[in-house]
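Q: I'd like to learn how to read a structure like this one, feature by feature. Can we go through it together?
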Amino acid sequence: MAAEQSERRPREFVSQSLINISLFFWAVIVILPLVWLLYSSFKTDQEIFFAPWALPQTLQWENFERAWVAVHIGQYFLNSMKVVIPSLALTLALASMTSYVLARFQFFGNRTLFYLFMAGMLFPIFMALVPLFFLAKDLQLLNTFTGLTLVYTAYSLPFTIFFLTGFFKTLPSELHEAALIDGANEYQVFFRVMLPLAQPGLVTMAIFNFLGMWNQFILPLVLMTERDNYVLPQGLSFILHQQYYKTDWSALFAALSIIMIPTLLVYAVFQNQIQKGVTVGALKG
């Protein structure tokens with residue numbers, strides 16, 4: 001027994017070392033371009049072209065000011081916030097209530113309704129772009145933040161309902177029964193008992209949906225055709241196209257950094273919440 005353990009330890013050490021080395025190189029491949037982008041955003045155009053790997057001699061904070069105002073990244077940033085925040089709130093509100101009913105109540109058509117929501121995960125968004133454009137046009141929702149908000153919400157609901165339904169099933173039914181015995185109605189049980197308990201799952205879905213909505217490109221490209229209504233990914237595409245005819249590359253790098261910072265902050269601040277939410281669902285589902 002001791003001999004087997006002594007033989008196993010070197011193999012485990014070698015395999016773990018190979019895994020750590022692979023992860024290290026993968027981290028370098030991912031992080032290095034982000035770091036290079038960040039410190040390049042503080043350079044002048046000459047430093048970007050003639051000393052691309054060197055650190056900036058002087059921090060050019062005005063690059064961010066030009067990116068925010070002259071390149072219009074500030075307008076696109078605010079447009080994204082106008083769409084993403086209400087879309088996120090509406091998605092979580094609708095998905096949490098729907099998932100709670102599907103998870104905790106048995107009624108005719110429960111599974112059918114659940115699978116219909118799941119079918120939305122299998123439908124390629126590219127197949128719906130043309131009818132979606134004409135539907136938004138007929139409803140006078142084209143080039144409106146309201147129309148894009150509704151589309152973002154509909155696009156995010158299937159996976160959110162799928163995840164939260166499994167999460168609500170993991171919550172102890174004894175608390176639900178105890179609240180009913182104490183005189184609470186179903187609305188009070190949901191909002192005062194079950195919803196607070198589902199906070200890890202809600203936070204996880206909020207983060208995933210925020211990142212997906214923030215980086216969404218194809219939907220606003222179809223539904224937002226006026227430049228004043230562009231969101232960040234769409235506006236960045238327009239900026240890159242215009243950059244063929246301009247030379248303000250330092251402002252472009254600053255604009256890319258501004259776009260990247262919110263997603264990095266979300267990951268940095270809420271990474272423990274993501275791991276907790278996913279792990280709880282995986283272990284109890």
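Q: Leaving aside neighbours within four places in sequence, which residues is Gly-235 in contact with?
A: A quick word before we start: this is a predicted model. Gly-235 is in contact with Tyr-76 and Tyr-230, once neighbours within four places in sequence are set aside. The glycine sits in helix 12, residues 232–242.

Q: Is Gly-235 buried or exposed?
A: Relative accessibility is the number to look at here, and under 20% counts as buried. Gly-235 has 0%, so it counts as buried.

Q: What else can I read about Phe-253, starting with where it lies?
A: Phe-253 belongs to helix 13, residues 249–284. Its relative accessible area is 11%, so Phe-253 is buried. Leaving out neighbours within four places in sequence, Phe-253 is in contact with Trp-36, Leu-37, Ser-40, Ser-41 and Ile-48.

Q: How is the protein divided into domains?
A: There's domain 1 (2–40) and domain 2 (71–281). Their C-alpha centres lie 34 Å apart.

Q: How much area do domain 1 and domain 2 bury between them?
A: General idea first: the size of an interface is often given as the accessible area lost when the parts come together. Here, domain 1 and domain 2 bury about 500 Å² between them, with 86% of it on carbon and sulfur atoms. On the domain 1 side, Leu-34, Leu-37 and Leu-38 supply 77% of the area buried against domain 2, more than any other three residues. As for contacts, 5 residues of domain 1 are in contact with 5 residues of domain 2.

Q: How many salt bridges does the rule find across the interface of domain 1 and domain 2?
A: The count there is 0.

Q: Which residues are buried in helix 3?
A: The general idea: an α-helix has 3.6 residues a turn, so residues three or four places apart point the same way. In helix 3, residues 62–69, the buried ones are Asn-63, Phe-64 and Ala-67. Looking down the axis of helix 3, its buried residues fall within an arc of 95°, so they line one face. Glu-65 and Val-69 are exposed, on the other side of helix 3.

Q: Which members of the largest nonpolar core touch the most other members?
A: To read a core, look at who touches whom. This core has 62 residues, and Ile-73, Phe-168 and Leu-223 touch the most other members. Helix 4, residues 73–104, gives the core its largest share, 11 residues. Taking Leu-223 and skipping its neighbours within four places in sequence, you'll find Leu-132, Phe-133, Ala-136, Leu-142, Asn-143, Leu-148 and Val-151 in contact with it.

Q: Asn-143 turned up in that list; what is its phi near?
A: Backbone angles are worth a check of their own. Phi of Asn-143 is near 60°, a positive value in a residue other than glycine. Gln-140 also has phi near 60°, again positive in a residue other than glycine.

Q: Where does Gln-140 lie, and where does Asn-143 lie?
A: Gln-140 is in the loop between helix 6 (129–138) and helix 7, and Asn-143 lies in the loop between helix 6 and helix 7 too. Now compare accessibility: Gln-140 is exposed, at 69% relative accessible area, whereas Asn-143 is buried, at 16%.

Q: Which helix holds Thr-149, and is Thr-149 buried or exposed?
A: Thr-149 is found in helix 7, residues 145–169. With a relative accessible area of 9%, Thr-149 is buried. Beyond its neighbours within four places in sequence, Thr-149 is in contact with Lys-82, Val-83, Pro-86 and Ser-87.

Q: What about values between the buried and exposed cut-offs: what is the relative accessible area of Pro-196?
A: Pro-196 has 44%, so it is partly exposed. Its place is in helix 9, residues 186–197. Not counting residues up to four places away in sequence, Pro-196 touches Phe-190 and Phe-191.

Technical notes. Residues are numbered from 1 along each chain as its sequence is written. This is a predicted model: local features need pLDDT of at least 70, side-chain atom pairs count only at pLDDT 80 or more; totals for chains, interfaces and linings use all residues. Side-chain values use heavy atoms; hydrogens and water are left out. Buried means under 20% relative accessible area, exposed over 50%, partly exposed in between (1.4 Å probe, protein chains only). Helices (H or I, at least four residues) and strands (E, at least two) are DSSP runs, numbered from the N terminus. The arc is that of the directions from the helix axis to the C-beta atoms. A nonpolar core is a set of buried Ala, Val, Leu, Ile, Met, Phe, Trp, Tyr and Cys residues joined through side-chain atoms within 4.5 Å. Contact means heavy atoms within 4.5 Å. Domain bounds come from an automatic or database domain assignment. Buried area is the accessible area (1.4 Å probe) that two parts lose on being put together, summed over both. A salt bridge is a side-chain nitrogen of Lys or Arg within 4 Å of a carboxyl oxygen of Asp or Glu.
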